[in-house]
4 protein chains.
Amino acid sequence: MTKRVILAYSGGLDTSVAIGWIAEQTGAEVIAVAMDVGQGGENMATIRERALACGAADAEVVDAREEFAADYCLPAIKANALYMNRYDQVRFEVGLASLAPEVTVLAPVRDSGMTRDKAIAFAEEKGLPIDVTHRSPYSIDQNLWGRSCETGHLEDIWEAPHDDVWAYTEDPGVPRDPDGLVLSFADGVPVAIDGVARSPLSIITELNARAGAHGVGRVDMVEDRLVGIKSREIYEAPAAIALIAAHSELESVCMELDLARFKRAVEQRWTELVYDGLWYSPLKRALDAFLAEASRHVTGDVRLRLHGGQAVVTGRRSPVSLYDHGLATYDTGDTFDQGLARGFVELWGLPSKTAALRDQRVGD
Amino acid sequence: MTKRVILAYSGGLDTSVAIGWIAEQTGAEVIAVAMDVGQGGENMATIRERALACGAADAEVVDAREEFAADYCLPAIKANALYMNRYDQVRFEVGLASLAPEVTVLAPVRDSGMTRDKAIAFAEEKGLPIDVTHRSPYSIDQNLWGRSCETGHLEDIWEAPHDDVWAYTEDPGVPRDPDGLVLSFADGVPVAIDGVARSPLSIITELNARAGAHGVGRVDMVEDRLVGIKSREIYEAPAAIALIAAHSELESVCMELDLARFKRAVEQRWTELVYDGLWYSPLKRALDAFLAEASRHVTGDVRLRLHGGQAVVTGRRSPVSLYDHGLATYDTGDTFDQGLARGFVELWGLPSKTAALRDQRVGD
Amino acid sequence: MTKRVILAYSGGLDTSVAIGWIAEQTGAEVIAVAMDVGQGGENMATIRERALACGAADAEVVDAREEFAADYCLPAIKANALYMNRYDQVRFEVGLASLAPEVTVLAPVRDSGMTRDKAIAFAEEKGLPIDVTHRSPYSIDQNLWGRSCETGHLEDIWEAPHDDVWAYTEDPGVPRDPDGLVLSFADGVPVAIDGVARSPLSIITELNARAGAHGVGRVDMVEDRLVGIKSREIYEAPAAIALIAAHSELESVCMELDLARFKRAVEQRWTELVYDGLWYSPLKRALDAFLAEASRHVTGDVRLRLHGGQAVVTGRRSPVSLYDHGLATYDTGDTFDQGLARGFVELWGLPSKTAALRDQRVGD
Amino acid sequence: MTKRVILAYSGGLDTSVAIGWIAEQTGAEVIAVAMDVGQGGENMATIRERALACGAADAEVVDAREEFAADYCLPAIKANALYMNRYDQVRFEVGLASLAPEVTVLAPVRDSGMTRDKAIAFAEEKGLPIDVTHRSPYSIDQNLWGRSCETGHLEDIWEAPHDDVWAYTEDPGVPRDPDGLVLSFADGVPVAIDGVARSPLSIITELNARAGAHGVGRVDMVEDRLVGIKSREIYEAPAAIALIAAHSELESVCMELDLARFKRAVEQRWTELVYDGLWYSPLKRALDAFLAEASRHVTGDVRLRLHGGQAVVTGRRSPVSLYDHGLATYDTGDTFDQGLARGFVELWGLPSKTAALRDQRVGD
C-alpha cells in the first residue's frame, strides 16, 4: 500500500513546494489539509484548488474557527495569558507527539534542507501556480486570536516599527470618539456583549474589529524563544487584550485573595507551557483543572471603554461579588471592627519583629 | 522624666488633633515630625508652625524626597512592582516593629476611639487652627511615587471615576502631540534622561510631569487589603508606570530566560511583602539580594513615546545585550544551526510523548 | 427560646469545665458533641456520660473515624503532606467560619479568661467528676493520623525527648526482625495491603500498628505556629510516614517530570493552607482539583520494609508506569538515540552560554 | 601549531581509550587531566602514569578535594539539596559552555560512535594497559559528596537492591551502639564537630565515615533525567544526609517563617538547576545571592545521633535563635497575649468566610 503523508497546508510557497518535495523524497501520497483558524487572506476553496494543482493526492479544508475560539482561546482568557498561537515547528511537533505519538513527523525545511532559495527554484522548475516574486519583508503568522510579525527592519531592536507592520489595528494616535461596551462573563469565560448572548467566535471577532479600530492590542517586545535565543516580535491581539483586561478585573471582584495570589503562579506556568509547545502535557491538564475550579464564580459584567489604544475598565458588577460595600468604607459605625485590627497587626508583624530584636541584639 | 511621644504628623485634621489628644491621654510631651516625601500641598514650614500651634512640645520637618526616591522607589523599579506607598496603619506599625522593636506604638484612631466626629469636636473645642469645614469626599494619599484615592462615589464599583478624582494626570483622551525621550538604566535603575545623568528624584519628578501630561499612569481597580477585605482604589503613578515599562523591556534584552522566569515569582512575592507592610522583613532582604544580582547587566537605553495615556517602548539598545542579530534571523546561512533543533525538540517533547503513549495504552 | 451552644467536647478538664462555665456566662443550654477521630483513650460512652454529669443539656458521640480517614487523611497522602491535625483554636475557628459563617464562635479560654487555674478551681467548686490531680507534663493531641506532644521539658530545645513522650511508636533502636508489605495505590490513594482490598481506616490503623512497632514515624522539630511564634513539637505518625514514602516513590514512576516539579509547589502551599487552618478555603479547593488530576495514573504497587525506625521502599511496579526499561539502559543498540542528545544539550545550554559570552566580553 | 585537546581523564576504560581515539580522529595532542574529588580508588600518580602509557602528550593530576568540598558541597548544604554530582555528559558540556564558551567540546562516545564494544576492541588492538575483563555490572560515579550506582539488576525497579551495590554505607540493620556528635554551623555552613573547628573537607570526610558506619545516607529511587527519561538510581551520601538534617533543623530555629517558606521554592529551583547542569547559569547566581542573605544567622549547634540508618537531631541551640521560651509556653501569665489572637484569627479567616457566605447565598 502506498504510504500517505498528511501535510499541514497553508497555501503559501513553502507548503505548496512541500507537496512535491515530500512526494519525491518519500514516494508517499501527500494529502494536504488546510485549517481555517481565522487567519483571513485567501478563500479556503482557492487554497484547496492550489493544493491539488501542486500535486496533492487529495486536499481537505476545515473550518476550525468555532473550535479554535472555544477550545483554545477561551482557556487563555481563564489564564489571563497573552501567548500567541504561533505556527512554529516546535509547537507543531511537540503537540503532535502527544496527540498522536505513533505518527512520524517530517519537517522538510529543517531536516531535508528545503531552504527558501531551493523552494523557489523547485516551484519555478515544476511550474507550480505560486507567485514567488512578491515576498513580504516580514515573517507573519495570524489567526483570529492574534497576529505576529517579525524579521525585516524589526531585527534592529532600536528601530521603531514601521507603519506597514500593523494589520489588525488602526493607529491609536488618531483622534476618534471612544467606543463602549459591557462584557458578561460566566465562570471565567465571556458569554455576552451588551447583554446579548454570543458564541466565543462571535465575541472574539467583534472585539477584534471594535478594539482594533481604536488601536487596542499592539505589542512590541523582545522575547525568548524556546530554543534559547532572543527575538523581536510585533503582536496585535485586540480582542485578547480587551477580554483579558475585563476578565482579570472581574477576578479581582469575585476571587478570594489567597486563590488570586497563587493563580498568578499558575498563570505564569500555564503560559510558559503553552509557549513551549506543551499544550497537551500532563502538567497543562492539571493546571486546567485548577483553573476550572478557580474560575467558578468569576461571573458578572464589566464595562469597557475602547479609546486611544487602551481598553479601560470603567465599572464591574457581579451577583457573586466578594466586594462588600459595608466592609470597604471607613466611617464611624461601619461593619468592619477596627478594633480587631490591633490583634491582627501585632501578630502579623510578630515574626519580623522577633527577627529585628534578634538582629538588634547581635548588632546586625 | 516626662515621657515623649513621636507623632508622624501630616498637618491634616487627624494628626493635628492627635497632638492634644495623645498629650491628654498619656501625659506625654508630643513631638511632631513631618516628612516631605513629595506629597505636595502645603509648605513644610507652615506645617511645622501648625504643629506648634496645636500644642506640640517640638516639631521637625524632614525633606526625605531624595532618600525616598533612591531607597524606596528604585527598588520598586528593579522589582517591576506597582505597589503604592499608602499611609495606612498596618504598614506603619509593622514597619516600626522591625525598625525599632523596643518602641511602643500608639494608634489613637484605632485604639482610643479618636473617630472623625470626635476629632472635629475636639478641634473646635480647643480652637485648633484647622479648617474642618472643607472635607474631600475621598480618602487620598500621595507622594512622589504615586497618588491613591478611595471612598466617595468610588465605593460603587459599577460607577466610572468622576473627573475630580484625578490630580497627577491629564485626561488621556484629549488630542495632543506625543512626547518622546530616551531613558538610560545601569544595573536595573534609571540614571539618565536623553543622555543627561540625573538623580532618582529628578528622574521621577520629570517623568511625573511629562508622562502625567499625557494621561499615563491611571489605574482603577478593586484590590484586596491585607486585613481581608476588598476595596476599590484609583491610583495615579505616571513616572512609575513609564519607568517600569521601560525597565521590564530592557530586562527582556539583557536577562537570560530562566532568570527572567523565576524573577516573575520573586517580583510577585516582593510586591506582596511590600503591600503587606513587610518592607523590613528578613524575606524582603533576601529577595533584595536576589534582585541586586539579577539586575546586574540590566544596562542600556530605552526609547519611550508618551501619548494618549500610554508609555510605549519604541526602541532598546544595550552594550550588554543578549539579543544576537545573527541568531535571531531565519535566512539560509544564519548562525543558528537549525539541525540542532531536531534533537532538542524530540527530547523536549519526550516526557509528554511517553505519557501520551501510556494514556493511549490504557485507553485514557 | 433558650439559646443553644454546641460544645466540641473532648472529655478532658477544659471542655468539661466549659459546659458549666459557658452556661453561667451566657445562660445558654450547652450541647456537648464528642467526635471519635481515633484519638483512643476512653470509651466514647463514658465520655458522653461525663458530659451529662457535668451539666450538659444533651450529649452526642459521633464515630467519625471512617470519614476522617477517607476525607481528611487520604488528601494528605495525595499531597505528600506531613501536616498534623492539631486541635488548636485557630484551625477550629477558621474552619467553622467557612463551614458555617452564620454561627457565632465562643472561645472561653481565650476570650473569657478560663485559664487552667480557674478551670481547676471551678471543677473543684462544682464537684465535677474530673480528676484534676494527675496532669501530664505535656500538651498532647492525638487521632488516627498522628499524635503531637509539646511543652514540659521539650521547651528546652537542646534537651533530647524523654522516653515518656512517645506513645504510638516503639523504640527504633531495639533489635527486631524487619516487617515487609506491599501497598497498592489507585489514582494516588492506598487501596490494598498485600493484595487485599481495605478501607482507608483499616489501612491506616494497620500501618500505625505495624510501622509503629518498628519505631517508624517519629519527628522532633521546631516549627512556626501560625500566630508567629516558634514551638518545639514531637510528632508520631507511623502510618502517615510509611504511606507517604510509598506514595511519593510511586509518583516518581507514574508522573511526568514537569508535573512532578510543579506539584512540589502545590504540595507546599496545600500543606501551608492546612497548617494555617484554611482547609475549607477557595484556594484549597482549587489545589485539590489540581491534585485530583495530577493523581490520575498514580496506580500500582510499592513494596515497603519496616525496620529500625525507617519505612524503606524496596520495589515498585505499575501497569501505567512511565519507566521504560529500554530507554533507561545505556548499552549499544538501546532505544534511546544518543545522537539526539547533542542538539538538545547545545540548545539547552545556549542561554547560559550566550550570557557567559556577554559576561566575558564585558570583563565580568 | 598542533591543536591540543584537554581530556577529562578518570583512568578507566572509556577515557583511556579516548586518548588514542581522539588523537587518531583529530590529529591533536591529547593532554589528560585527572581530578581528585574524593572518588577514592586508585592512587592519582598511578592514574597519571596510565594516561602517559596510553599515549597522552602530557598528564596532570589535580587534588581538588578542598575546593570541591568548600565551593560545591557547602552550597548544597545551604540549599538543603540532595543533588548528586554525577559525571554525565550534559552537566559537563553545559558547564563548560558557561565557563569557557569559546572552547569546542568533543564527546566521542556520543558523537563519534565510541561504544563500549569498540572501546574494548581498540584497547586490545593497541595493547593499552587497561584491564577490560572485570567489568562491574553497574555504572558507578563517586566522589566525596556521594556515590551513585545504576544499571544491572537495578533496571528491574521491582527488585530490591542487592548487597553489592553499597560501598559508602554499612548495613543499617545490624545492631550497633549509636554514635553521637555536635555539629556547629556559622551562617549556614558547618564549621566544627564537637567544638573543634574543621575544614569543610575534613567535616565531610569524617561524617562519611561515621554516618556511613551506621548505614546513614542510602537512597533508592526512580528519578527523571534531564533528557526526559526515567532511571532507577541508588545513592549513598552519609555526610550529605547528616549535614542537611542538622542544617535544616537549625534553620527552623534561626529563620523567620516567611523566609523559610519562600526558601523552599528557591531550594527546589536551585536543585533543579544543578541537576540540569546549569551550575554556572545567571539564575543560579541570583539564587546563590538569595541563599547567602537567607543563611545569615543560621548559626548554632545541633546534636545528632547516628544509628540504624538514621541521623536524628536530638538538640539544637543558637546565640541568634528566634525560639523564645517565654512565647512558646501556654501557661497563665505567659509573654504571649492570647487576647491578641482573637483579632488575628477573625481577620485571618475573613476572606474565606466572605467567600463561604457568598457560596452559601448562591447555593453552591
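In the predicted model, the contact between chain B and chain A draws on 88 residues of chain B and 89 residues of chain A. About 7800 Å² is buried between these two chains, and carbon and sulfur atoms account for 57% of that area. Within the share that chain B buries against chain A, B:Trp158, B:Lys230 and B:Tyr323 provide 11%, more than any other three residues. Eight salt bridges are found across the interface of chain B and chain A. One salt bridge joins A:Arg261 to B:Glu272, with the closest N and O atoms 3.8 Å apart. Polar contacts across the interface of chain B and chain A involve 28 residue pairs, both members being at pLDDT 80 or more. The side of chain B that touches chain A is made up of 38 nonpolar, 21 polar and 29 charged residues.

The contact between chain B and chain C takes 27 residues from chain B and 27 residues from chain C. The area buried between chain B and chain C is about 2400 Å², with 69% given by carbon and sulfur atoms. Of the area that chain B buries against chain C, 25% comes from B:Leu340, B:Leu347 and B:Arg358, more than from any other three residues. The count of salt bridges between chain B and chain C is zero, whereas eight residue pairs are in polar contact, with both residues at pLDDT 80 or more. On the side of chain B that touches chain C, helices α12 (338-348) and α13 (350-361) of chain B each contribute at least two residues. That side of chain B comprises 14 nonpolar, five polar and eight charged residues.

Helix α13 was also examined in chain A. In that chain, α13 covers residues 350-361, a run of 12 residues. The distance from its first C-alpha to its last is 16 Å, close to the 16 Å expected at 1.5 Å a residue. The buried residues of α13(A) are A:Leu350, A:Pro351, A:Ser352, A:Thr354, A:Ala355, A:Ala356, A:Arg358 and A:Asp359. The buried set of α13(A) thus includes the charged residues A:Arg358 and A:Asp359. After α13(A) comes A:Gly363, which has a positive phi near 70 degrees.

Over all chains, the structure holds 142 salt bridges. Side chains of opposite charge can pair when their charged atoms come close. In chain B, the side chains of B:Arg316 and B:Glu249 form such a bridge, at 2.8 Å from N to O. Because B:Arg316 belongs to strand β12 (residues 310-317) of chain B and B:Glu249 to helix α8 (residues 238-254) of chain B, the pair ties together parts that are 67 residues apart in sequence. B:Arg316 and B:Glu249 are both buried.

Two further pairs occur in chain D. The side chains of D:Asp14 and D:Arg116 meet in a salt bridge at 3.4 Å, N to O. D:Asp14 is placed in helix α1 (residues 13-26) of chain D and D:Arg116 in helix α6 (residues 116-126) of chain D, so this bridge connects parts that are 102 residues apart in sequence. The relative accessibility of D:Asp14 is 28%, so this residue counts as partly exposed. D:Arg116 likewise counts as partly exposed, at 29% relative accessibility. A salt bridge of 2.9 Å, N to O, joins the side chains of D:Glu236 and D:Arg147. This pair links distant parts of the chain, 89 residues apart, with D:Glu236 in strand β10 (residues 230-236) of chain D and D:Arg147 in strand β5 (residues 146-150) of chain D. Both D:Glu236 and D:Arg147 are buried. Elsewhere, A:Asp258, C:Arg269, C:Glu272, C:Asp276 and D:Arg261 are joined into one network by salt bridges that share partners.

The surroundings of one strand residue of chain D were also considered. D:Val62 is located in strand β3 (residues 58-63) of chain D. When its neighbours within four places in sequence are left aside, D:Val62 is in contact with D:Val33, D:Ala34, D:Met35, D:Asp36 and D:Met44.

Technical notes:
Residues are numbered from 1 along each chain as its sequence is written. Chains are lettered from A and ligands numbered from 1 in the order in which they are written. Side-chain values use heavy atoms; hydrogens and water are left out. A salt bridge is a side-chain nitrogen of Lys or Arg within 4 Å of a carboxyl oxygen of Asp or Glu. Helices (H or I, at least four residues) and strands (E, at least two) are DSSP runs, numbered from the N terminus. Buried means under 20% relative accessible area, exposed over 50%, partly exposed in between (1.4 Å probe, protein chains only). Contact means heavy atoms within 4.5 Å. Buried area is the accessible area (1.4 Å probe) that two parts lose on being put together, summed over both. A polar contact is a pair of N or O atoms within 3.5 Å; within protein, one must be able to donate a hydrogen and the other to accept it, and residues adjacent in sequence count only if both atoms are side-chain atoms. The expected span of a helix is 1.5 Å times one less than its number of residues.
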